[in-house]
Amino acid sequence: MDSKVRFKLNGEHVTMTADPLRRLIDVLRDDLGLTGTKEGCGEGECGACSVLMDGRLANSCLLPLAAVEGKEIVTIEGFRKTKRFELLKECFTEEGAVQCGFCTPGMVLAAEALLSADPHPNERAVRDGISGNLCRCTGYSSIVAAILAASKRGEGLW
Amino acid sequence: MKDEARIGKPMRRTDFDDKVEGTAVFTADMDLPGMLHAITLRSSAPRAQIARIDLPALPEGYFYVDHRDIPGSNVMPSPILDQPFLAAGRVNYVGEPIMLIVGPDRQVLSDILKDARVHYLEERPVLSIEDAEAATGGFIYADKPYFVSYEYCKGDFERAAEEAAFFIEDEYRTGYQEHAYLETQSMLASFVDGNVTVYGSMQCPYSVKESVQAALRLGPENVRVVQLPTGGGFGGKEDYPSIPAVHAALASMKSGRPVKLVFDRKEDIISTTKRHPCRIRIRSYIGREGTIVARDVDVSTDAGAYAGLSSVVLQRLSFSVCGAYDVENLRVRSRAYATNKCVSGAFRGFGGPQAFFAVEMHTEHIAERLGRDSLALRRSYFLEQGDTSSTGGLLSSPIRLGEIADALEKTSGYSVKRALYSNSAAREKRMEGCPTPLKGIGISMFFHGCGFTGSGEKDTLKAKVKLKKNKDGTVEILASCAEIGQGSQTTLRKIVARALDIPVGMVVHRYPDTGRCPDSGPTVASRSVMIVGRLLMDCALEMKGRWKEEDFEVTRSYTYPEGLCWDNDKFQGNAYPEYSWGGNVVEVEVDPLTFEVKVTGVWGAYDIGEPMDDRIVAGQIDGAVAQGLGYAGMEVLTVEAGRVLQDNLTTYAIPTSVDFPRTVACLIPNPYKEGPFGAKGLGELPLVGVAPAFAAAVGQAIGKRILRLPVTPEYIMRLMEEEAEDGF
């Protein structure tokens, strides 16, 4: 019952031969060793498994492999090579936006999806933009501050 | 960069880069050659004998592991010895582990699990504190309905109560709280030639080691426990991880392969520990001059199926429940009841949040009855240096409660707003006319005892640390403190670097490995910086004096500070080595139609001694306040017929980024002479007082006394309907 699924992953074309109903998160983590994508709930509620699909935030625990045919997927492993990541990283450390770190890769990708769509969000928009990503450690304020700082300093990046 | 190690000044977290880049290896990310997975068959009955288990035949390379595979003790080493690692013939709660299925393919394991059938002989379960109280036999634990029962007194309670003019009495209820750490319980064990190494998500490597040694009947030299990056703990990874650790170790021993055990969210919620639900009755006796002359408190906690840490949680609750006030005559009685539900246990605050909710709401009630402003009433009873605590321990350090209240006034404008919102006529007008939000503001004052309760630091933990200087001039911290997101790796490095006056980059601090690190105690009780940090500072100061030596080690063990005493039979003396203090103000708007509560402001003022790193401190405060607001108003976990109804993160809703505003926090400096660079405990304090400030605010907004947590719209609606029925 395996089938071939072709998609772009972190800038490279890949072809996976697997059960088309296999969850994208399992393909990424187990088949491809991309463990920066985390599983927090398996139900699309926590956002720890966030990836970018054609630039938009998606929960990889809810995506069957078949759904990514022809799509462009970016995980933290791909995004961390970008200038945008470098800036977000600096802002995350300066604002203290990382504690246990389990939600962080997903949160960084949520920030990227948000700033791509709206390079100059206000606080409300930032809070809305990351509202699908749960964090139990920070209370979110430092994450919001980090994204606002990145928006301010990232002129031309987004 | 020498400057990086400045006390107070934020430095870059040493566990930052790998976490943000996604390269930090959490347990689920780790892989060993030939590794198998395990899945757990759990009880679906709250109380039953297991008549028989029908199991499908296993494919090659798959194994079952049950209690008969335990070569050593099938009892978890807790203060009370009653909890099996794997059920042996009977179960006491839904979610209790019965057996493991082990093999290479997780999907196949799930399919086998679906085909396994447990046949139960069900017994009548005990499902509440009241059930337990009413029981006359068939007890869950020994020959009584509770695990422990305590009583202590201060002053001459009986006489003071007799002479009082009248009393004011309340009964409070609090609900469960689930930790909801983002990373579920996860362990990986590898058993090779009689030695086992356990890697995992945990707060207390040495507790895990003790359990694995006991269950596998291995010597201390044969068990090594290594903490991996841990995706949140909050107490949920204090004692519980010993269970999955033993499971993974047993599975590895039986299969001869490394075995990884990662919980899914549902099993994590139904089977792991929670904050204790409570019933707290407080009666305050008022003298003829309108002063509080005595207090009688009766605490009952719902401890669940096994004792776990319920005894020590109950102690902290009992010692905190008289609040930050000097009341001369006290009687406190408390019990932790056994019920056929998931095991209640450690959760940030460890009994404190329930205690301060009760005493602070009761204080509001007293103020209302006496016609006094509740903050003014509080101020007149604030504990001061030289007073004694509820257990009669001398409070020898300066206490800055007055300054904490002043700071809250200044930042929040509490009293002005309180007066403004108390205009009941305006409230009624709003209620009748167009539905504008009902406003309220509330305050709470609280403390948290730092370190283990009683003489636990001296008699139970006996923390040891080691500091090692290497030939290349680097210095390594060897202690069992777990980095669980709270920043201890960064903070402890900074303390050592500062004491040695070397760049912080020269200090190495890896995740703890019991093969290398002495037992500096568990990562709990707001003790890592105050207790372990101090021992490390002492090591560093000695090392500084011997700096010319090339490579050497310095060790230190905990010594009980002079002037402290504790009688654990009578509960008399210093219940804690020291206290951190705090206050919160919460401002709310209640929708008069839907009764939804919107938090419009949160303020905090805290005395944590001296902050070691302002940014880490702010992060602990922000996170604790959010968790406290979740506890206060939105996190609902109910158990019906022994089954947890909210068993995922959709139905058990924790705060998101859009739920609460930023916390405005300030620190009141008050250096503690026994702490490193003046530091006291931090991690738990900012959670314990949030709920009462929130509840007091809602109470003012709706003109009702709040008697339970969480304060949900449904509860508010019920209070408002009572008003209608009563014809007020």
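Modeller: The answers below concern a predicted model.

Biologist: To begin with the interface, how many residues does each chain bring to the contact?
Modeller: Chain A contributes 48 residues and chain B contributes 50 residues.

Biologist: And what area is buried between chain A and chain B?
Modeller: About 3,800 Å² is buried between the two chains, and carbon and sulfur atoms give 53% of that area. On the side of chain A, the residues A:Q99, A:C100 and A:R136 supply 21% of the area that this chain buries against chain B, more than any other three residues.

Biologist: What about charged pairs: how many salt bridges are there between chain A and chain B?
Modeller: The count is nine salt bridges. One of them joins A:K89 to B:E21, whose closest N and O atoms are 2.6 Å apart.

Biologist: Which helices of chain A touch chain B?
Modeller: At least two residues each come from α1 (24-31), α3 (83-95), α4 (104-117), α5 (123-129) and α6 (141-153) of chain A. The largest share of the side of chain A that touches chain B is that of α3(A), with seven residues.

Biologist: Changing topic, how many disulfides are there over all chains?
Modeller: The count is zero. For A:C100, the nearest cysteine sulfur belongs to A:C137 and is 3.8 Å away. A disulfide requires the sulfur atoms to be within 2.5 Å, and A:C100 is in no disulfide. Likewise, A:C137 is in no disulfide, and its nearest cysteine sulfur is that of A:C100.

Biologist: Is A:C100 buried or exposed?
Modeller: A:C100 is buried, with a relative accessible area of 5%. A:C137 is also buried, and its relative accessible area is 5%.

Biologist: Now to chain B. Which residues of helix α10 are buried?
Modeller: In α10 (residues 374-381) of chain B, the buried residues are B:S374, B:L375, B:L377, B:R378 and B:Y381. Viewed down the axis of α10(B), they fall within an arc of 160°, so they line one face of the helix.

Biologist: What do those buried residues pack against?
Modeller: Their partners in chain B are the strands β14 (292-304) and β16 (438-450), together with the helices α9 (352-370), α11 (401-412) and α12 (414-421).

Biologist: Finally, which residue caps the N-terminal end of α10(B)?
Modeller: That residue is B:D373, which has a side-chain oxygen 3.2 Å from the backbone nitrogen of B:L375.

Note on methods: Residues numbered from 1 in each chain as written. Chains lettered and ligands numbered in written order. Predicted model: local features only at pLDDT ≥ 70, side-chain atom pairs only at ≥ 80, totals over all residues. Heavy atoms only, no water. Buried < 20%, exposed > 50% of the residue type's maximum accessible area, 1.4 Å probe, protein only. Helix = DSSP H or I, 4+ residues; strand = E, 2+ residues; numbered from the N terminus. Arc of directions from axis to C-beta. Contact = heavy atoms within 4.5 Å. Polar contact = N/O pair within 3.5 Å; in protein donor to acceptor, adjacent residues only side chain to side chain. Buried area = accessible area lost by both parts, 1.4 Å probe. Salt bridge = Lys/Arg side-chain N within 4 Å of Asp/Glu carboxyl O.
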